[in-house]
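Here are some notes on the model you sent.

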Amino acid sequence: MSETEQTKIQVRGLSKVFGNHPKKALELRDKGMKRPEILEKTGQTLGLSNITFDVQEGELLVIMGLSGSGKSTLIRCLNRLIEPTEGDIIIDGENIPKLSEKALLECRRRHFSMVFQHFALFPHRSVQMNAEFGLEIRGIDKAERAKKAREALSHVGLDGWEDAMPSQLSGGMQQRVGLARALANDSSVLLMDEAFSALDPLIRKDMQQELLELQHRMKKTTIFITHDLDEALAIADRIILLKDGEIVQIGTPEEIMTHPADDYVARFTEGVDISRILTARHAMRPVRALARNDDGPRTVLHKLSENGLDSIYVTDRERKLLGLVEADAANRAAREGQRSIEDLISDDFPRVGPDEPLHNLFAMFNEKSYPIAVVDEERRLLGVVVKGAVLAQLAEAGEQ
Amino acid sequence: MAIDIPRIPLGDWIEAGLDFLTSEYSIVTRGISRVTQTGINALNDALMWMPEWALMAIIALLCWRLSGVRLAIGASLGLALIWNMGLWFPMIESLTLVVIATLVAVVIALPVGILAALSDKFYGLIMPILDFMQTMPAFVYLIPAIPFFGIGSVSAIFATVIFAMPPAIRFTTLGIRQVPKDLVEAADAFGSTRGQKLVKVQLPLSLPTIMAGINQTIMLALSMVVIAAMIGADGLGNEVWKAIQRLRPGDGFEAGIAVVILAMLLDRLTQTFRKTRKA
């Protein structure tokens, strides 16, 4: 997420009561009663209570909760497939709950496309015609919608399947069609309702990866619902945790993992392998000593012995990482009277990006046990990770 | 012991109502009568104008295209038998009545069925009426038909439409209500209007069920068209009726077999249409 982000959707005080006397239920809610009491007293089910959050332009927001937590209700309130009882949902200046029937249709066409848990493909339409559906509804002309639908199908890797019927496709491919149908529509927000939950685990992982790539390419504002924390952590920019129709916590995956708001969240996160969430950035330490490429062998030897090191990373003036020099090599060069260390720099060292999950780092600590260099996209050295630091970080997170 | 409870004159009220309708709306009924009779005559003339073998060939071709060789051969053999028994023209007359009654029934049933599917209120209103229409003994419809439209084929059509329409309405309603909820939701989510939702999603998906209803309507129409011989409708029913009056079981069975052949032909044809649309 960039720093200069814009708010796409503002949800303010959104509530939903299922039943004929919503006012009564909301009154009791305002007196501090919870869902079970309200149900017992009034027979009304408090589906959502006072939900407030923002969705940033281009982010992938995951709404997570167990079944009955209200997540499906919440996503359907956004485009009013379910009529909210109170509250505001503001998208590009329009307040969705206040829209007239006609304006609502227009709003759904322009702003929302949805991907469903059980795909909800139209069985009487070919893959191509399914992908064209949203555009057809909007009255886009034939050639234009055929082109856009083909592009969307191509985005999700379904080239050549245009004429197939949905029933001929596997579950994973059917959901690709569902995704293509949503993408072709070119709406500003993508709503995904447990979109991958009906797929088997391997396909599911693939689809998550592909969604991330698509999201990276297209920067589409996405609201993704899931009951699966692993899935949420794998794809989310931010996570909203729902329980009994209320928000328990909003935060990045790391915040949720490392600082769970209450026991409920903590129990949720218990089963998760922390090393998949924490990244190299968390375990990274500043570099204690660094050689420059215009240093001579003796300077390097001095830095090594001063810091008690066997090897040292070498950068240029812009702090770009060039490689690593070992103490043995520097010693030999100093004895032989070489003036430069350029020839000593070895390229055989481990390096990762700052977002590399910690569990990928274990395998990289080889026998020589060089610290792992953490570099950014321009190859600038950000820090190093030593074996002990990884373990320490995991232990610390585990205690919390 | 008998307690003298005054009899509720339900029958008298109905008769008074029917009298009122026939006398006050005779222009309407006569208009309907004329239009319907014209339709019947035109279709009859067209079908009878063709030589028997030509119509047989057309029907066989239709069977072959829609279903396959087996139905084509079966249809040809059956029609040849009817021709051979000298029942060709009565068969055509019955076919005409069935076709026209079914058309009228479907034209009314589709919008009514769609409305009943979309509105719970209308559904609650129409369902008891349909129960009434279906369980009332079929003969009863013949009686008011005569004062409305006089003796003959138009009355037969009127009674047949009322008797045969309910399945088409019911199946249309059922078909639309059975469209999976998530598909309707998907249509809504993309911003479909009611009309778009109906035309692009609900109707295409309920078509097999609607066709099953129309198939039922055709079968009921055929059975009613035969009974309608009692009020002077032409066709195979008339042959049966004559055989009863003259006590000639042979003639009666011949006409009966012709009805069975026609029924099987119509049934198989509409069924294959249903299946081909589903695939």
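**Notes on the predicted model**

1. In this predicted model, residues 53-83 of chain B are 94% helix and 0% strand, with end C-alpha atoms 9 Å apart. UniProt, in an unreviewed entry, lists this span as a "transmembrane region".

2. Residues 95-118 of chain B are also listed by UniProt under "transmembrane region". Here the chain is 100% helix and 0% strand, and the end C-alpha atoms lie 34 Å apart. The other spans that the record gives under this name are 138-164, 210-233 and 253-270 of chain B.

3. The unreviewed UniProt entry also places "domain: ABC transmembrane type-1" at residues 91-270 of chain B. That span is 87% helix and 0% strand, and its end C-alpha atoms are 18 Å apart.

4. In chain A, helix α6 takes in residues 142-155, 14 residues in total. From first C-alpha to last it reaches 20 Å, close to the 20 Å expected at 1.5 Å a residue.

5. Which residues of α6(A) are buried? They are A:Arg145, A:Ala149, A:Ala152 and A:Leu153. These residues lie on the same side of α6(A) because they cover an arc of only 100° around the axis. A:Ala143 and A:Glu144, on the other side of α6(A), are exposed.

6. The packing partners of the buried α6(A) residues are two helices of chain A, α5 (127-137) and α7 (171-184).

7. One backbone detail follows the helix: just after α6(A), A:Gly157 has a positive phi of about 75°.

Technical notes:
Residues numbered from 1 in each chain as written. Chains lettered and ligands numbered in written order. Predicted model: local features only at pLDDT ≥ 70, side-chain atom pairs only at ≥ 80, totals over all residues. Helix = DSSP H or I, 4+ residues; strand = E, 2+ residues; numbered from the N terminus. Expected span 1.5 Å × (residues − 1). Buried ≥ 20, exposed ≤ 12 C-beta atoms within 10 Å, placed from the backbone. Arc of directions from axis to C-beta. Contact = placed C-beta atoms within 7 Å. UniProt positions renumbered as here; feature names shortened; annotations may be inferred.
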